[in-house]
Protein chains: 2
Amino acid sequence: MWPALFTPRAVALVGSVGEGKLGYYLLRQMLDGGFPPARLAVVNPKGQGALGVAGYPSVAEVGGPVDLAVIVTPAATVPAVLEECARAGVRAAVVITAGFSEVGNVAGEEAIREVVRRTGIRVVGPNCAGIVNTHHALFPTLETRPPAGSVSLVAQSGAVGGVFLAWAKEHGLGIAKFISYGNGADLNERDFLEYLAEDPETQVVALYIEEVTEGREFLRALAACTRHKPVVVIKAGRTEAGRRATLSHTGSMAGADSVYDAALRQCGALRVASLEEMFDFCLGFTALPPVRGRRVVIVTNSGGPGVLAADRAEEVGLTVAEPSPALRERLSAFLPPHCGLSNPIDLTVEGTEEGYRRTLMTVLEEYDAAVALNIAPAYLDSVPLARGVVQAARESGKPVAAAFLPGPIVAEAVRYLREQGVPNFATGERAVAALARLAEYDAVRRDSASPRRLLQTFGVRHEAQRSAVGRDSASLRRLLRTVRHEAQRSAVGRDSASLRRLLRTVRHEAQRSAVLLEPDLMAWLRENGIPVPPFRTAGSADEAVAAAREMGYPVVMKVVSPQILHKSEVGGVILGIGDDDAVRAGFARLAEIAAGRDFRGVIIYPFIRDAQEVLVGLFRDPQFGPVVAFGAGGIYTELLGDVVLRVAPVDRDEAAAMIRETRMAALLAGARGRPPGDLDALADLIARVSELPFLYPEIAEMDLNPVFVLPRGVLVGDARLILRFSDSPIL
Amino acid sequence: MWPALFTPRAVALVGSVGEGKLGYYLLRQMLDGGFPPARLAVVNPKGQGALGVAGYPSVAEVGGPVDLAVIVTPAATVPAVLEECARAGVRAAVVITAGFSEVGNVAGEEAIREVVRRTGIRVVGPNCAGIVNTHHALFPTLETRPPAGSVSLVAQSGAVGGVFLAWAKEHGLGIAKFISYGNGADLNERDFLEYLAEDPETQVVALYIEEVTEGREFLRALAACTRHKPVVVIKAGRTEAGRRATLSHTGSMAGADSVYDAALRQCGALRVASLEEMFDFCLGFTALPPVRGRRVVIVTNSGGPGVLAADRAEEVGLTVAEPSPALRERLSAFLPPHCGLSNPIDLTVEGTEEGYRRTLMTVLEEYDAAVALNIAPAYLDSVPLARGVVQAARESGKPVAAAFLPGPIVAEAVRYLREQGVPNFATGERAVAALARLAEYDAVRRDSASPRRLLQTFGVRHEAQRSAVGRDSASLRRLLRTVRHEAQRSAVGRDSASLRRLLRTVRHEAQRSAVLLEPDLMAWLRENGIPVPPFRTAGSADEAVAAAREMGYPVVMKVVSPQILHKSEVGGVILGIGDDDAVRAGFARLAEIAAGRDFRGVIIYPFIRDAQEVLVGLFRDPQFGPVVAFGAGGIYTELLGDVVLRVAPVDRDEAAAMIRETRMAALLAGARGRPPGDLDALADLIARVSELPFLYPEIAEMDLNPVFVLPRGVLVGDARLILRFSDSPIL
């Protein structure tokens, strides 16, 4: 199907081509783009052609091998048109026509899908802005025709694509393919990623999405693509308002943005916030060799803009290191004495072609990449400077980005730079930002563990479910017995049911969720290899004293009641109990707190001191399924906002990376004279937790908070588990 | 002097005007800009004129009222030229010539200053790119001549100014004045701020600085200017590398960036990071009425770009609120059914002139500002849409920003928008970012307390010093006695000296700094109205037990030694001591820790529990003098990075604002079931601390950490004070 879509032998435009009609503009665009008129046909009831292209009353009558149909007929007719196309041997269709799910016409879109399923024809759209393959002179789109090149753009939004293509034309960024897929009734971002990963004409993929469906499949395709080439992604709907806006115009449910952020990063994709950034990074990726490190040098002919670029470079993670004494000496051998030899290197307004060339050649022996800034006064001819930069870029083989400005004054020099393959950015700040992302991509690509880990993550579902068969039999059943117990209390003892019926009951009664009591939960965690402290339960003050003695003072005592979820907020947790009397007093206090509620006694633990507290959590994202969270624990979870997410599961290495990414990592590793925490045990815990939702699909949410990180080992101090029973699969 | 500089009756260009010379280009620029040739003169030894402007061998011979000289003679001649100009009655000079302090020629620059002092002539430069007054057709600069308007740009860097002016011409941003002041040997940013604050032709000030001198004077001028008009500031050198770069090209000492950030904000200035932002914000400020709130509506004709703008709007602090049901109803009465009535409001690609006009008019009754997005396909004529937007902006009187794109397709519509006073931004994201800063400025300007507070802050120095006379006599003298004591130990008893001589001794011996012991420090804090817990000192275990009993158990005990600065890191702090035995054991342990060092016994406090810990600090910035800091205390200071700075002193209101700006504010106010802390007492403490460096100029640094915030009152748990004795004034 891909050749039919992108390199069709012949194309049929289906719809009216009267002047002023959409079809007319599309036809003109295709002709202007250079597609041979002889391989174009127009199809509409009257068999009316236009612009020298023959018209036919039906696709079947066109004759010859029509691979692709471009459809602009009214929405109501589209399914039938597709059907007819398929029958005539057309293998792919681009449906420009709008008026489907985006305006509530879900049935119409389903009808398209039905034709696809039945006939095998593949569809881009509906409600899309068309496609482009510059290397096949194929332009069935209303957007600007860009120059040919190696960036391929996949955009859910046609308008976003249109802006990007117009900029591409304006600034000479070469495009390979453009696909606007609109509602994505059939083919969607995932399919295009899979195709572009292998497409030899595509070096860089730019992706604009507002939402994805089948999140894990999308991530797998994305991870596979980033192994081959950089993927720059805008995921719109970062904020509440933006998310609402995507809902209103696509009618879909979007996942939490922080999960998207984690997932995209996990896949090695480069997320950007704005179209300008996306454009800059694509420009960098197509024009520059790999940036193999973060040491950047700025060569400028004026101080101020050099400082602004240096500031930005450091802020985006590059190192604007000083030149070595040896390098400085070599520079001073040929540069005039008024030049600044720090980084940025300031050639001053007297900088020449040879000055730029030789300086860049010299410094690039020591740096990973360079930015050549030229802030041209009106009287200066910048073309020689551009020549110096081009020569240095070519001879050094290293990445050299230019920022020649301001625009109108340097237009000719910029044209020359572009023709010679040196990308020019709007400002030095934007140039260094692009270099930083190139360096980031290079680091990700060279981390050979990453791809393996990714495939493991996104391929793990079936394996985990398989291995779970043996493992869950004992502990899950016991866990479920607990749940059943709870359910019976309210469900008035429907006891004879099978497990399936029981779950249905629980689901019904508990409004699709169930909360477990702490002693059951702790026991279950322990059985599943999660380290918990020893504990005892007690139903009376005497039992509590006996348990505390057995445990050894001091102890911690907490109330147990299915009706008290947030124990510490009602005073249901007593720390550091030192003797029998205090135990009795504590028991009385907790019983009083639970008065009038379903009091099930207390749970007693040893009192753990001097540990650092962290949080390990799980939740289920609507798009991506289970997500594991790690961050600062206790009251600092909210305060710090220092939580790192990953789409689950993660292995130990990835878990260790999560720990390192938090701001509290330094504290855990033993800053300020504290004993270092057992980070290996912590990584083990995170990895183990991240597997649980695959063993137990009923887990909707789990919080282990606090987790005590000790010099040796870790212990879960408190846990909250929410189960949810539904017939939908976990992913 | 200002009229001489900006509205000179006649201008003399001093220097060579041979073709290809700097002077030639300057002369041509002035003539091209429309300055009457009859009011121009050229001065050089040969009396050679050019381009129809008469030449003279000396300024004196020009005759007539030459107010301004523009000097391009070699650096060595500049002082003499200035002298001659002054003698001839010239009152202001712009020295374009480079080769002064920026290349190490400090003497040359001092010679200029000497002429200024002696003759009263005022100088812009040297090493500058000239000045502009569009309203007087005055263009003695090599940069682009911008259109006339109301933005005035003050830039230390000529190149930065050049880029800005070129963009101004390209995008039609009107400029009133441009001043590049280069090395600022005489007039500097402060003088220009004072002038522009009162200049009726200037509505918006854009300021690019790399460093300032006399920080407090600068802040006073800045605060006075922001009371009248918005000041958009780029302070370059935000990062280490950037700071190094400013050093290398201006040879000055830069203060910490976070202090600049706080100080600029305190003055009501709007700091931006990039020249593009500065440009956008100036465009917004000049073209739009005040933005009186943060509710923004986005009216678009395509979904994707609308979402991107909505995301960005929320991120920069605007509210993309949904329209009310009533408003939605009014919209649905006239908009076609396929339009999206959420915010962003999507008119779809079928949006018309009347659609934009009426929608904007309707929604602006409910919102504070609007962005009109038009993503034009190539076949669409955008001029009618621009007309709709212009009409709505005019009729509503509310701020309406446009983002018509992509560039080449909408060029004519953008020209129309500009002519009609509606600013057009490169993208919707950049439009909302500009609106956000307008809203911010409006809020600052309407907070009538701000300006009063600012003047108080930056004018407080003398008052504080006056009132300090009475207050310090007792406590400071006692404090100094302690210092003297320390100094004597090492200075071998030079006892007969006067206070001044003593300080010199201390300074010498202690290498310009001295550290105080905790008991002395706590006593001194208490005498100065800083709340500290009760405490006792003890030199033996028996004394310690007596002190602890008097205090009441449990207590805290800390080692006292001038050689142990970081007590807790060596185990020198024991918390929660419960009885006599524990006191004895603790004393022994602390004595052991201090073994071999200068052990001065222990200090004993009551043990304070369940308090929240914060930090209040003071330090002295090289540019701005005393700075007060507030943030999370204990081990979280570094972890959180949650510290807010202000140039000292601050009053209670400002201190309360500091507390509110931290992330921990919610916790202090009593989140998660905790008792709320006494925020009034905390604000009092911050304000009082912020006054101390004015009472005691010897204070170099002070850390109160932790400060315990209790439900009633606050208490300083530990303190560190570093004194520094120098002859330089505190500010």
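In this predicted model, chain A is superposed on chain B by a rotation of 180° with 0.0 Å of shift along the axis, the RMSD being 0.2 Å. The two copies are thus related as by a two-fold rotation axis.

The contact between the chains draws 68 residues from chain A and 68 residues from chain B. On the side of chain A that touches chain B, two or more residues are given by each of helix H5 (158-171), helix H8 (240-250), helix H10 (275-287), helix H11 (303-315) and helix H22 (636-640) of chain A, and the largest share, 11 residues, comes from H11(A). By residue class, this side of chain A comprises 33 nonpolar, 20 polar and 15 charged residues. Because 100% of the interface residues of chain A are also interface residues in chain B, the copies meet through the same surface.

Within chain B, six strands form an open sheet with parallel pairing, in the order S3-S2-S1-S4-S5-S6. Strand S3 (55-56) and strand S6 (122-124) of chain B stand at the edges with a single partner strand each, so that one side of each is left without a neighbour in the sheet. Strand S1 (residues 10-14) of chain B pairs with strand S2 (residues 40-43) of chain B in the parallel sense over four bridges, and Val11(B) is placed opposite Leu40(B) in S2(B).

The largest nonpolar core holds 430 residues, of which Val389(A), Leu435(A), Val389(B) and Leu435(B) touch the most other members. When residues up to four places away in sequence are not counted, Val389(B) touches Tyr356(B), Leu360(B), Ala372(B), Val400(B), Ala402(B), Leu417(B) and Val422(B).

Notes
Residues are numbered from 1 along each chain as its sequence is written. Chains are lettered from A and ligands numbered from 1 in the order in which they are written. This is a predicted model: local features need pLDDT of at least 70, side-chain atom pairs count only at pLDDT 80 or more; totals for chains, interfaces and linings use all residues. Two strands pair if DSSP finds at least two bridges between them. Copies are superposed by least squares on the C-alpha atoms of residues with pLDDT of at least 70 in both. Two residues are in contact if their C-beta atoms, placed from the backbone, lie within 7 Å. A nonpolar core is a set of buried Ala, Val, Leu, Ile, Met, Phe, Trp, Tyr and Cys residues joined through C-beta atoms within 7 Å. A residue is buried if 20 or more other C-beta atoms lie within 10 Å of its own, exposed if 12 or fewer, and partly exposed in between; C-beta atoms are placed from the backbone. Ala, Val, Leu, Ile, Met, Phe, Trp, Tyr, Cys and Pro count as nonpolar, Asp, Glu, Lys and Arg as charged, and the others, Gly among them, as polar.
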